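Please read these notes next to the model.

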Amino acid sequence: MALYVDIKKKLPGFCLDVNFEAGTNTVGFLGASGSGKSMTLRCIAGIETPDSGIIELNGRILFDSAKGINLPIRKRRVGFLFQNYALFPNMTVEENIRFGLGSLSVSEQLEKVREMISVMHMEGLEKRYPSQLSGGQQQRAALARALVIDPEVLLLDEPLSALDEHLRDNMLKQMIETLSGYRGVTLFVTHNIEEAYRVCRDLVVLSSGKLEAKGNKESVFMNPPTIETAHITGCKNLSAAKPISSDEIEALDWGVILKVNKEDKKDIKYIGIRPYHIELAEDARNQNTINCWISYTGETPSRMTVYLSVGRKPSGNGEYQLQWEIPREKWEKVKAMQQPLSLKLDPDKLILI
């Protein structure tokens with residue numbers, strides 16, 4: 001299975017310009033709202049038409065502006081799970097799932113529906129209408145409708161965003177299980193970094209229609225090629241940088257000089273570290289140990305975000321240079337420690353852009 005996309009489409013405020021390939025590994029699309037993620041999926045499905053370019057699926061040309069090819073939706077063999085699920089309110093679960101199977105005999109349709117009901121664990125819900133379903137049940141019905149046509153590509157447009165946190169986690173597990181048995185191409189649009197990391201093997205990062213990064217998720221997270229990619233993938237600590245020597249870089253916004261391990265540093269413009277990669281230093285003389293004062297904190301039920309002033313006491317007004325994320329149980333130890341805190345920025349965890 002293979003999908004190739006190279007398209008451009010002018011949109012209000014920017015031009016969507018994407019080029020990527022996808023195989024059987026689920027590809028996640030990350031980016032802020034309005035960055036072009038959903039529009040890319042709609043162009044692949046045939047709901048929207050690019051201004052130029054080509055879309056090819058398993059050797060079939062779905063769209064080619066140069067050759068005047070633009071297959072209608074019904075001929076693309078694309079399954080689409082919309083953000084709001086788009087179930088037909090006047091149809092039962094069974095009827096919604098059967099909707100795209102008009103070319104099959106009634107007996108074949110019913111058999112395929114029974115199979116999808118079993119796969120989605122929806123036994124007993126066949127005769128219910130969408131208004132009689134929970135959000136998770138609606139999502140499963142919509143996913144069943146997308147998969148029942150045996151699509152060559154499955155497009156998932158923020159399928160979990162409408163669910164509460166508990167239900168989202170359960171549905172995420174269900175989706176991972178379902179996708180593990182699907183052998184086509186899967187594109188998963190989300191703005192949730194953790195969802196993307198759990199569901200997807202590869203990532204495409206978009207910013208204002210521009211493709212900022214693509215590739216294996218570990219590589220994109222550990223070595224973001226642009227400042228926008230670093231921001232979108234959750235790196236909250238970024239500083240302008242200036243190379244000092246063959247193995248040292250000055251973090252200009254933090255006021256510290258750091259040892260780094262990357263070989264080629266002459267073109268480095270930014271340095272960063274993710275909040276959860278900052279560590280307590282066991283010895284203040286250790287490499288890349290910096291002194292920090294706690295400016296203020298934010299909390300969730302499971303973790304603390306500690307806002308740090310580097311090298312000096314904060315003057316007030318929420319002054320900080322670094323964010324440090326730690327489990328709440330670790331915070332109980334940290335808050336009792338004398339300041340300044342000695343913290344370590346591991347050279348192997350530093351992001352250089």
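What is the volume of the largest pocket?

1. The largest pocket has a volume of about 740 Å³. Of its 28 lining residues, Asn192, Ile193, Glu194, Glu195 and Arg303 are the closest to its centre. A pocket here is an open set of points on a 1 Å grid over the protein atoms alone where a 1.4 Å probe fits, with protein on both sides within 12 Å along at least five of seven lines, and lining residues have an atom within 4 Å of a point. Grid points are joined across faces, edges and corners, and the volume is the space filled by probe spheres set on the points.

2. This is a predicted model, in which local features need pLDDT of at least 70 and side-chain atom pairs count only at pLDDT 80 or more, while totals for chains, interfaces and linings use all residues. Residues are numbered from 1 along each chain as its sequence is written, and side-chain values use heavy atoms, without hydrogens and water.

3. Helices H5 (165-180), H6 (193-199), H7 (217-222) and H8 (227-232) each supply at least two residues of the lining of the largest pocket. The largest share, five residues, comes from H6. Helices (H or I, at least four residues) and strands (E, at least two) are DSSP runs numbered from the N terminus. By type, the lining has 10 nonpolar, seven polar and 11 charged residues. Nonpolar means Ala, Val, Leu, Ile, Met, Phe, Trp, Tyr, Cys and Pro, charged means Asp, Glu, Lys and Arg, and the others, Gly among them, are polar.

4. The second largest pocket holds about 550 Å³ of space. It is lined by 16 residues, and Ile73, Val78, Phe99, Gly100 and Ile149 lie nearest its centre. Strand S7 (78-81) gives the most to this lining, three residues. The lining divides into 11 nonpolar, two polar and three charged residues.

5. Seven aromatic pairs are found in the whole structure. In one of them, Phe80 and Phe82 are stacked, at 4.2 Å centre to centre with 10° between the planes. Rings of Phe, Tyr and Trp (its six-membered ring) pair if their centres lie within 6.5 Å; planes under 30 degrees apart are stacked, over 60 edge-to-face and the rest tilted.

6. Phe88 and Phe99 have ring centres 4.6 Å apart and planes at 50°, so this pair is tilted. Phe88 lies in the loop between S7 and helix H2 (93-98) and Phe99 in the loop between H2 and helix H3 (106-119), so the pair ties together parts 11 residues apart in sequence.

7. Tyr296, Tyr307 and Tyr320 form one aromatic cluster.
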